Amino acid sequence: MIHIAICDDEKRMSDHIRAMASDFFRKKNREIYFRTFSSGEELLSYDGQIDILFLDIQMKGMDGMETARKLRASKFRGFLLFITVLKEMVFQSFEVQAYDYLVKPVEEKQFEKTMERLFASMQNASEDSLLVQKGYEGRIIPKDEIAFCEVIDRKIYLSLASGEVVDYYERIENLETKLGSHFFRCHRSYLINLKHLKGYKNGTAYLDNGKEVPVSRLRSREFSGVVLQYMKNI
């Protein structure tokens, strides 16, 4: 499921973007979920997941550029596409990591060309991210943000660098194969991200977020070797 948000104070433009996005992802056989907002203030009050955001630059009240700054400051990591009538405004878009911009009136050819590139970028980004499925909801989490993983009673708990903990059902063996070489199974119940390792002593790994993870005696020697090799490669 791809979560798409459209923020524009012109309903006709919101409906136009929504129709083109629906048609594009239908052709890709991808399921999507839409949320529409009529102001930057309304968008900022939303705390749900957004993977792709279409954001009008010129709106009443808070404009799109200021809205984007506040979103990025609050750790929004989705794909940002500006909608604008002023091409010169686009030069400011670099500071908020905008993926691209669409010039009004947005034509279908321009839209499809942009979305094809964005869709390819999403496919590539998935290699560096983990899709967490919880019920009917899905969430994309960058692997680098995961400090460590713990399994308790068949449930995985992802401890993120931000301090947030995300839980869902999965076998730790399956998760281990998805995460890749930067993660090490230091204990039957723990996977640790070596990028967040700060120190290791007496069977305990110390992470940069202040957390401590046990390292089993059976895996301590291998863990020491893996850490040394990792340090050589960075």
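**Figure 1. Residue F79 and strand β4.** F79 is found in strand β4, where a strand is a DSSP run of E with at least two residues, a helix is a DSSP run of H or I with at least four residues, and both are numbered from the N terminus. The model is predicted: local features need pLDDT of at least 70, side-chain atom pairs count only at pLDDT 80 or more, and totals for chains, interfaces and linings use all residues. Residues are numbered from 1 along each chain as its sequence is written, and side-chain values use heavy atoms, with hydrogens and water left out. Leaving aside neighbours within four places in sequence, F79 is in contact with D51, I52, L53, Y99, L118, S121 and M122; contact means heavy atoms within 4.5 Å. F79 and L118 are 39 residues apart along the chain, and their C-alpha atoms are separated by 8.0 Å.

**Figure 2. The two faces of strand β4.** In a regular strand the side chains alternate between the two faces of the sheet. On one side of β4 lie F79, L81 and I83, on the other L80, F82 and T84, and all of them are buried. Buried means under 20% relative accessible area, exposed means over 50%, and partly exposed lies in between, with a 1.4 Å probe and protein chains only. Because six of the six residues of β4 are buried, this strand is largely enclosed by the rest of the structure. Strand β4 pairs with β3 in the parallel sense over five bridges; two strands pair if DSSP finds at least two bridges between them. In this pairing, L55 stands opposite F82 in β4.

Figure 3. Helix α1 covers residues 11-27, a run of 17 residues. At 1.5 Å a residue α1 should span 24 Å, and its end C-alpha atoms are 25 Å apart, which agrees; the expected span is 1.5 Å times one less than the number of residues. The buried residues of α1 are M13, S14, I17, M20, A21, F24 and F25. Seen down the axis of α1, these residues fall within an arc of 140 degrees, so they line one face of the helix. The arc is that of the directions from the helix axis to the C-beta atoms. An α-helix has 3.6 residues a turn, so residues three or four places apart point the same way. K11, R12, R26 and K27 are exposed, on the face of α1 turned away from its buried side.

**Figure 4. The largest nonpolar core.** A nonpolar core is a set of buried Ala, Val, Leu, Ile, Met, Phe, Trp, Tyr and Cys residues joined through side-chain atoms within 4.5 Å. The largest one has 22 residues, of which I4, I17, I52, F54, F111 and M115 touch the most other members. At least two residues of this core come from each of β1 (2-7), α1, β3 (52-56), β4 (79-84) and α4 (108-125). With six residues, α1 gives the most to this core. Not counting residues up to four places away in sequence, I4 touches A21, F25, I32, Y33, F34, R35, I52 and F54. In soluble globular proteins, nonpolar side chains tend to be buried together.

Figure 5. Most residues other than glycine have a negative phi, and most peptide bonds are trans. N29 has a positive phi, near 55 degrees, and sits in the loop between α1 and β2 (32-37). At 70% relative accessibility, N29 counts as exposed. N202 is not a glycine either, and its phi is positive, about 50 degrees. N202 is in the loop between β13 and β14 and is exposed, with a relative accessible area of 72%. The peptide bond that joins K104 and P105 is cis, with omega about -5 degrees. P105 has its place in the loop between β5 (100-103) and α4.

**Figure 6. The sheet β13-β14-β15.** These three strands form an open sheet in the order β13-β14-β15, with antiparallel pairing. The edge strands, β13 (197-201) and β15 (212-214), each pair on one side only. Strand β14 (residues 204-207) is joined to β15 by three bridges, and Y206 stands opposite E212 in β15.

**Figure 7. The chain as a whole.** The chain has six helices and 15 strands. Of its 234 residues, 43% count as buried. The C-alpha trace spans about 65 × 35 × 30 Å along its principal axes.
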